[in-house]
Amino acid sequence: MTATSEPDDSFHVFDTTLRDGAQREGINLTVADKLAIARHLDDFGVGFIEGGWPGANPRDTEFFARARQEIDFRHAKLVAFGATRRAGANAAQDPQVKALLDSGADVITLVAKSHDRHVELALRTTLDENLAMVADTVSFLKGQGRRVFVDCEHFFDGYRANPEYAKAVVRAASEAGADVVILCDTNGGMLPAQIQAVVATVLADTGARLGIHAQDDTGCAVANTLAAVDAGATHVQCTANGYGERVGNANLFPVVAALELKYGMKVLPEGRLREMTRISHAIAEVVNLTPSTHQPYVGVSAFAHKAGLHASAIKVDPDLYQHIDPEQVGNTMRMLVSDMAGRASIELKGKELGVDLGDDREVVGRVVARVKERELKGYTYEAADASFELLLRAEVEGRPLKYFEVESWRAIVEDRPDGTHANEATVKLWAKGERIVATAEGNGPVNALDRSLRVALEKIYPQLAKLDLVDYKVRILEGVHGTQSTTRVLISTTDGTGEWSTVGVAENVIAASWQALEDAYTYGLLRAGVDPAE
């Protein structure tokens, strides 16, 4: 495809992290998690975000309702996923089809059976009725003003067993008005040459617009996706970091990077590719999984070089041992003897946060050094933008942003004979020249600290009444094991109009939580426009 100035409808980047990716073992997304991930994906610039299966899952139904109210999508369209009408039913009266319309999504993806054995054994209907189910449901939803994509489940296995029927399902969807028909390697057993040959044949025989959905069971999901593009597919379905059932799905980030940098296709809005590493890591933090250090393009080791032949060549010209400039994807080259943060990424992030670093290399250097120092201790800023902005402003302004000075704090947990626990926290601090001592109880020591800090500050800063803690994550960091391990805490806070995340690291979870809470309240006052000098 010829590159254009902006992505258009001629090629789709479709993300299904919130639906298919969430099926990965170890991932259990709350509605708040899904909203956070959707914001990151929209920020990245994908064209479509599949949010889940409304009607079949109460959490997904809530997600669509909240997303309509809480997210102003700049780049992506939200997609609802569901099934074709039931056998023998009427699409207009099928409750599952109605739930798709009630979701408010402008785009709907329907899953359809394209393997004859699945039709007869799983759906327990005839091959002809399955074709009617596809056509009727697509026609009905198109008549309701929706764009419709159709996922042909188990397509490649079905094509191998009965190619004419598999193609008949594609024709039924396309002729009924489906915008794209997606060929799914549901079991993930195909190889690139097989994918390319089948896609090319189906495209020639049906004339339908085709997409690809590849699982990674052979380790070929990214290669299979690109092979489908080579054969004429113009719609790719992926998940962030390759999350998905069993071993996962085609990884969104290497697919997009390959399309942009290797194929010369413009599939993201201008400048978004440079955000790829940050967004990959931020989504990993939201799902509470350690980012893969060796992931292509975005892993911290993707552009890391050890001493020896490589290092000598890198000193002469980095391109001698790198296939791209890492800054193109927001990553940095590293010599393993020196774990350096990148100046360009700091400057880019500063600009995004509204902190003008200008051409002050000294300030940027200090920020880089500070980030390096703190990340060695376990801090992470990819998913803690608020803490990073506070750090950045402290270096730019030469002093930390302070609305209050903490004298001391303590949290007490009392174990009672009846098996219950009492949690109490006391905070002593100074604000606007006044010494304040506040005590509060909570359903845990961190909640008690949060309440005591709020009690101490709300009379002086009434803006804090709007703040709510919406998410709390704890990770035990590598190093010393057991109860002596270092702990990282990520807290997400909202003021009703926006959401931000802060980070704390310490040898115990309470101290780490306090750091994140202190940053959360400080950033909340900054967002509210409060002048710390007043």
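Predicted model: local features only at pLDDT ≥ 70, side-chain atom pairs only at ≥ 80, totals over all residues.
**Entry 1**

I began with an open sheet of 3 strands, ordered 11-12-13 and paired in the antiparallel sense. Its edge strands are strand 11 (405-415) and strand 13 (434-442), and each of them pairs on one side only. On average, neighbouring strands here are turned by 10° against each other, direction ignored.

I noted the terms as I went. Strands (E, at least two residues) and helices (H or I, at least four residues) are DSSP runs, numbered from the N terminus. Two strands pair if DSSP finds at least two bridges between them. Angles run from 0 to 180 degrees between N-to-C directions, with axes as lines fitted to C-alpha atoms, for helices over the stretch in contact.

Residues are numbered from 1 along each chain as its sequence is written, and side-chain values use heavy atoms, leaving out hydrogens and water.

**Entry 2: inside the sheet**

Over how many bridges do strand 12 and strand 13 pair? I found 9 bridges, in the antiparallel sense, with strand 12 covering residues 421-431. Ala 431 stands opposite Glu 434 in strand 13. A reminder to myself: strands of a sheet pair through backbone hydrogen bonds, either parallel or antiparallel.

Then I looked at what lies across the sheet. Helix 17 lies across strand 11 and strand 12, and runs at about 135° to strand 11.

**Entry 3: salt bridges**

I searched the whole structure and got 37 salt bridges (a side-chain nitrogen of Lys or Arg within 4 Å of a carboxyl oxygen of Asp or Glu). The general idea is that side chains of opposite charge can pair when their charged atoms come close.

I checked another pair, Arg 278 and Glu 275, whose side chains form a salt bridge at 2.7 Å, N to O. Arg 278 is buried at 12%, and Glu 275 is buried at 4%. Glu 373 and Lys 377 also meet in a salt bridge, at 3.6 Å, and here Glu 373 is partly exposed at 35%.

I liked this find too: Asp 9, Lys 142, Arg 147, Asp 179 and Arg 209 are linked in a network of salt bridges.

**Entry 4: helix 15**

Helix 15 (residues 385-397) has 13 residues and reaches 18 Å from its first C-alpha to its last. That is close to the 18 Å expected at 1.5 Å a residue, where the expected span is 1.5 Å times one less than the number of residues.

Why is helix 15 largely enclosed by the rest of the structure? It is because 10 of its 13 residues are buried; among them are Phe 388, Leu 391 and Arg 393. Just after helix 15, I spotted Gly 398 with a positive phi of about 80°.

**Entry 5: one glycine**

Last, I looked up Gly 219, in the loop between strand 7 (210-214) and helix 9 (221-230). Gly 219 is exposed, at 55% relative accessible area.

Key:
Buried < 20%, exposed > 50% of the residue type's maximum accessible area, 1.4 Å probe, protein only. Contact = heavy atoms within 4.5 Å.
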